[in-house]
Amino acid sequence: MHLDIDIRKTLRSGKRTFHLDVRFRSTSQRIVLLGASGSGKSLTLKAIAGLMRPDAGHVRLNDTTLFDAAAGIDLKPQLRNVAYVFQDYALFPHLSVRQNIAFGLKRGLFNPRASDHRDAVDYWLAAFQLEPTAHQLPDELSGGQRQRVALARALIARPAALLLDEPFAALDPELRTVMRGELDDLQRRLQVPMVLITHDPADAEIFGEKVLRMRDGRIADDAAGNIDPAGAAALPETSASPLHVTGAAGFA
Ligand SMILES: Nc1ncnc2c1ncn2[C@@H]1O[C@H](COP(=O)(O)OP(=O)(O)OP(=O)(O)O)[C@@H](O)[C@H]1O
């Protein structure tokens with residue numbers, strides 16, 4: 001994945017103003033944005049997905065410009081070929097596991113024939129060991145199963161990038177460890193590029209081939225500890241950096 005982000009956004013709520021000013025480029029397959037609550041992680045992820053429109057700048061993914069304020073480009077979310085997995089998974093409560101996963105095919109340009117459609121859903125049900133639960137509703141699933149359904153629904157559309165918003169926050173500590181392992185295996189097997197946002201350094205340790213720490217709407221430094229107060233404009237393009245996250249223990 002080649003991700004190139006250079007965005008600015010000002011948000012006002014009453015007397016409070018928040019400035020987002022995020023710049024980085026990376027060719028890593030596993031990017032983690034690590035930061036405390038309110039540092040601007042979700043806004044950045046939403047800008048990639050097309051769920052938040054920056055005031056200025058650009059977002060490029062591989063060979064596609066998803067957003068460019070100066071050029072007047074702002075692709076609709078469904079045309080960006082990225083999959084956003086929300087913190088609470090956002091499953092449809094009235095649809096079965098099978099129907100929720102199949103829904104992933106309705107988005108975007110990927111519009112297979114009915115038989116391919118069934119095959120694809122069967123494939124993902126099997127891949128996530130969800131076949132026995134295919135007829136169940138989200139309410140009738142465990143937390144781990146719900147997360148698997150959300151991932152299957154995201155992956156079935158073959159996205160160019162998987163965007164994960166605090167994917168383990170809704171799980172209890174024991175399950176969190178299990179699901180971290182599952183996602184780690186899955187990403188390595190499928191080689192699906194991902195951008196994961198989290199406040200938990202443990203997530204960064206496991207998934208952060210490239211870790212960018214956010215503070216007050218900016219990239220504070222990268223995992224190698226290169227402080228860049230100007231918002232990481234000078235960060236080198238990098239394909240991989242050490243897994244070790246320096247000084248990240250302060251986030252809770
Ligand atoms: N629509 C909005 N209007 C005004 N301010 C907003 C709006 N959306 C977000 N903000 C502010 O922008 C800041 C960054 O929000 P963001 O959701 O990106 O944080 P975050 O790092 O993802 O935090 P968390 O981990 O708690 O989800 C916060 O201070 C938030 O209050």
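**Close-up views of a predicted model**

Strand β3 (residues 30-35) pairs with β10 in the parallel sense, over 5 bridges. The model shown here and in the views below is predicted.

View 1. Where the two strands run together, Leu34 stands opposite Arg213 of β10. Strand β10 covers residues 210-215, and because 5 of its 6 residues are buried, the strand is largely enclosed by the rest of the structure. The loop between β10 and β11 (218-222) holds Asp216. Asp216 is not a glycine, yet its phi is positive, about 50°. Is Asp216 buried or partly exposed? It counts as partly exposed, because 14 C-beta neighbours lie inside 10 Å, whereas a buried residue needs 20 or more.

**View 2. The whole chain, for orientation.** The chain contains 6 helices and 11 strands. Of its 252 residues, 41% are buried. Among contacts in the chain with a separation of 6 or more, 68% are between residues 24 or more positions apart.

**View 3. The shell around the ligand.** Which residues surround the ligand? They are Leu11, Ser13, Phe18, Gly35, Ser37, Gly38, Ser39, Gly40, Lys41, Ser42, Leu43 and His199. By class, this shell has 3 nonpolar, 8 polar and 1 charged residues. Two elements, β1 (3-13) and α1 (41-49), each supply at least two residues of the shell. The largest share comes from α1, with 3 residues.

View 4. The buried residues of α1 are Lys41, Leu43, Thr44, Leu45, Ala47 and Ile48. Lys41 and Leu43 are also among the residues surrounding the ligand. An α-helix has 3.6 residues a turn, so residues three or four places apart point the same way. Gly50 follows α1 and has a positive phi, near 85°.

**View 5. Thr10 in strand β1.** Thr10 lies in strand β1, an element that also supplies at least two residues of the shell around the ligand. Thr10 is partly exposed, because 13 other C-beta atoms lie within 10 Å. Apart from neighbours within four places in sequence, the contacts of Thr10 are Thr17, His19 and Asp55. How many Å separate the C-alpha atoms of Thr10 and Tyr123? The separation is 43 Å, for two residues 113 apart along the chain.

**View 6. The loop between β4 and β5.** Asn62 sits in the loop that links β4 (56-61) and β5 (64-68). Phi of Asn62 is positive, near 50°, in a residue other than glycine. Asn62 is partly exposed, because 14 other C-beta atoms lie within 10 Å.

**View 7. Strand β8 between its two partners.** Strand β8 (residues 161-165) is mostly covered, with 5 of its 5 residues buried. Strand β7 (residues 82-85) runs parallel to β8 and is joined to it by 4 bridges. In this pairing Tyr84 stands opposite Leu163 of β8. Strand β9 (residues 194-198) also pairs with β8 in the parallel sense, over 4 bridges. Here Leu164 stands opposite Leu196 of β9. In a regular strand the side chains alternate between the two faces of the sheet. In β8, Ala161, Leu163 and Asp165 point one way, Leu162 and Leu164 point the other way, and all are buried.

**View 8. The largest nonpolar core.** This core has 56 residues, and Val85, Leu162 and Leu163 touch the most other members. Helix α4 (residues 143-155) gives the most to the core, with 6 residues. What does Leu162 contact, leaving aside its neighbours within four places in sequence? Its contacts are Ala83, Val85, Ala154, Leu155, Val192, Pro193 and Met194.

**View 9. Helix α4.** The 13 residues of α4 reach 18 Å from the first C-alpha to the last, close to the 18 Å expected at 1.5 Å a residue. The helix is mostly covered, with 10 of its 13 residues buried. The buried residues are Arg146, Gln147, Arg148, Val149, Ala150, Leu151, Ala152, Arg153, Ala154 and Leu155. Two of them, Ala154 and Leu155, are in contact with Leu162.

Terms used
Residues are numbered from 1 along each chain as its sequence is written. This is a predicted model: local features need pLDDT of at least 70, side-chain atom pairs count only at pLDDT 80 or more; totals for chains, interfaces and linings use all residues. A residue is near a molecule or strand if its C-beta atom, placed from the backbone, lies within 6 Å of it. Ala, Val, Leu, Ile, Met, Phe, Trp, Tyr, Cys and Pro count as nonpolar, Asp, Glu, Lys and Arg as charged, and the others, Gly among them, as polar. A residue is buried if 20 or more other C-beta atoms lie within 10 Å of its own, exposed if 12 or fewer, and partly exposed in between; C-beta atoms are placed from the backbone. Two strands pair if DSSP finds at least two bridges between them. A nonpolar core is a set of buried Ala, Val, Leu, Ile, Met, Phe, Trp, Tyr and Cys residues joined through C-beta atoms within 7 Å. Two residues are in contact if their C-beta atoms, placed from the backbone, lie within 7 Å. The expected span of a helix is 1.5 Å times one less than its number of residues.
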